[in-house]
Amino acid sequence: MHDPVGATAHATGSRLVLALAGLTAGLVIAIALSLMVGTETVAPSRILAGLSGECDREATALLLHYRLPRTAIAIVVGIALGTAGALMQAYTRNPLADPGILGVNAGAVLGVTIAIATGVSLSVTTLAVPALIGAAFATVAVLLLASTGRGPATPIRMTLAGVALGAVLSGIATAMRLYDPSTFERHRSWAAGSVAGRQLDELTGIALLVLTGAVLALLLLRPLNAVALGDDVAASLGVNTRRTRTLTIIAVTLLVGAATAIAGPISFLGLMVPHICRLLAGNDHTRIVPLSMLVAPLVLVLADTIARVIIPLRETPVGIVTAFVGAPVLIWLVSGRRTNTQ
Amino acid sequence: MSPLLSRDHGAVTLRTPAVSGRMSTRALVACVLLLAATAATTLLALMTGKVGYSPGEVLAALVGDAPADVELFVVRWRLPRAVAAVTFGAVLGVAGALFQCVTRNPLGSPDIIGFSAGASAGGVAAVTLIGSSFAVVAAGTLIGGLLVAALIMLLSRGGGTGGFRLVIVGIGLSAMLVSVESWLVLTADLDVAQVAALWSVGTLNGTSFTHSGIAMALGIAAVVAVIVLLSRRLTLLDLGEDLSGALGADPLRTRTVAVLAGVLLIAIVTAAAGPIAFVALAAPHIGRRLAGMAGVALVPAACTGAFLLALSDFVAQHALPGRMLPVGVVTVAVGGLYLITLIVRENRKGVL
């Protein structure tokens, strides 16, 4: 029988399987590259030997204490920010939504900055608490600010509200850093967004928070798809919109707060990844969100590898690389009339 | 022969061979009051500090009729800073009014759409790569500002009159520039990084006439030039592109000239004091509301900017005992709150 709809669904389905296979292979290659490439290149055979502990001490130290932690952190942070971006774009029906652009990163940074300045906590895991509080505050504030008008918030209204809020929050954080430069000297690269210089044991608590957020995001897929059709439609489909929205905010807060606590503010990853996924899988959140969990770590691990070698003998924080790749994506999105943003 | 100054229909008209202008009485009163408030704040700033003086002593020192120690404190140390606050405030106010007119968006201030970030990144590049003398930093900010302005205009071509694309392109470029800036600070030596980081917040601490005198003079000249030469064209542009073109003022040319002038103004202030945030955003709105004017209001914006920055700098000097904050911290906090109320109000009106 002729079944054009089913045929299309089947076609996208097989394309999706192909994309999934390709992305998984890409992620494996990216991880291998990330372990190999740097100031000193380590050959693949030495990596395998080093991971099993049967290699020269130098390579083992380099791998276990330096490259493995930062690769693992890049994966976790990537999952967190990609998922958060996809959730925010679905929730706000705004293709320009991103934790960096909407000021959520800045909120988390301010929370961490206050905690460091007051000497409350210095370990990464305890820093997650103020980061979560800051992220939650910024998320709620930007949504409230954007929704003060009549009707649903337009993308431009929300973007401006987020940029403004972010400017204020990061302005305050910068002032605090300047007020007490010696305390913040250790955090110079954190403030620019970096996955380097951390150890694996610092990742455990953060990974748990990200896992919680990611599971929550997966549970929210169907309700979010309904909410994307409009509140009335969602309600008539039996979706509790208020609960969906609250849970989404909680998930975004968990993901962004945890990622910022360990890696500082990394912008634009959450913006570009969902768009890449949309190209691969169409405009369906049940596919975009899980795909983002695969694409975002791939992009971030690659970006971090590039950040290591782009300027010889100098570390570039990965946040700078993502801004340089992601900001053009933002400009492309508004200049090509690809999205109905107004 | 018509009189130099005349009053009619609630407005004051000034006519001279070189310039002529018309302003509503309410706007004039508002501007005079703002200037009086600015003068009072400046006097207060000159009086207070580690050593306090009476208004009489300050005035005597200003006319060169006071003991050497009073003159040292008031004229050498406090006056440059006070003059800089007033001048740069006026410059920022006018720059903000220009950009808001071009973007036709109340939020289209240079702080949000990336022009300030361009000037700031240029300045930080100059400080970290070459040195922190005024000429070098000024060149850096100007080049940075112009490059970014050109890029923003180029990338947002065809974005229509709403200025929407302009704003988003600006936000994107701004983010890239901020990351360039933080990379420069990160890779620089610690002491250079401290200088660059402090500068990048915007501060009037340590202002002197020898270092920033040129910037102040240039700023005043540029503000006067913009008000005299551009007011009428901008008012026409504000009526709409078609109408402006029909009345003989090519909208594209007006926009281009206004953006160039705005970038120049921002670069002057940024070179001397770093990027002082949000004055350019808040001053035009507050000025327009106080003056009861619709559309472009350059003179009220200048007066409001001068008052805002003078007041902010006074607060920055005295908010924490024994410690001088960079004025940029105060303007971020105050301007940020203003911005939030602005967004709420614009939303209620459904403008955005």
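How much area is buried between domain 1 of chain B and domain 2 of chain B?

## About the model

This is a predicted model: local features need pLDDT of at least 70 and side-chain atom pairs count only at pLDDT 80 or more, while totals for chains, interfaces and linings use all residues. Residues are numbered from 1 along each chain as its sequence is written, chains are lettered from A and ligands numbered from 1 in the order in which they are written, and side-chain values use heavy atoms, leaving out hydrogens and water.

## Two domains in chain B

Chain B splits into domain 1 (23-77) and domain 2 (87-347), with bounds taken from an automatic or database domain assignment. Their C-alpha centres sit 26 Å apart. Each side brings 15 residues to the contact (heavy atoms within 4.5 Å).

Back to the opening question: the buried area is about 1,300 Å², and carbon and sulfur atoms give 76% of it. Buried area here is the accessible area (1.4 Å probe) that two parts lose on being put together, summed over both. Arg26(B), Leu34(B) and Thr41(B) supply 36% of what domain 1 of chain B buries against domain 2 of chain B, more than any other three residues.

## Two helices in chain A

Now for H14 (residues 285-309) and H15 (residues 318-335) of chain A, whose axes come within 8 Å and cross at roughly 110 degrees. Helices are DSSP runs (H or I, at least four residues), numbered from the N terminus. Axes are lines fitted to C-alpha atoms over the stretch in contact, with angles from 0 to 180 degrees between N-to-C directions. H14(A) and H15(A) are therefore roughly perpendicular (65 to 115 degrees).

Key. Angles under 35 degrees count as roughly parallel, over 145 as roughly antiparallel, 65 to 115 as roughly perpendicular and the rest as oblique.
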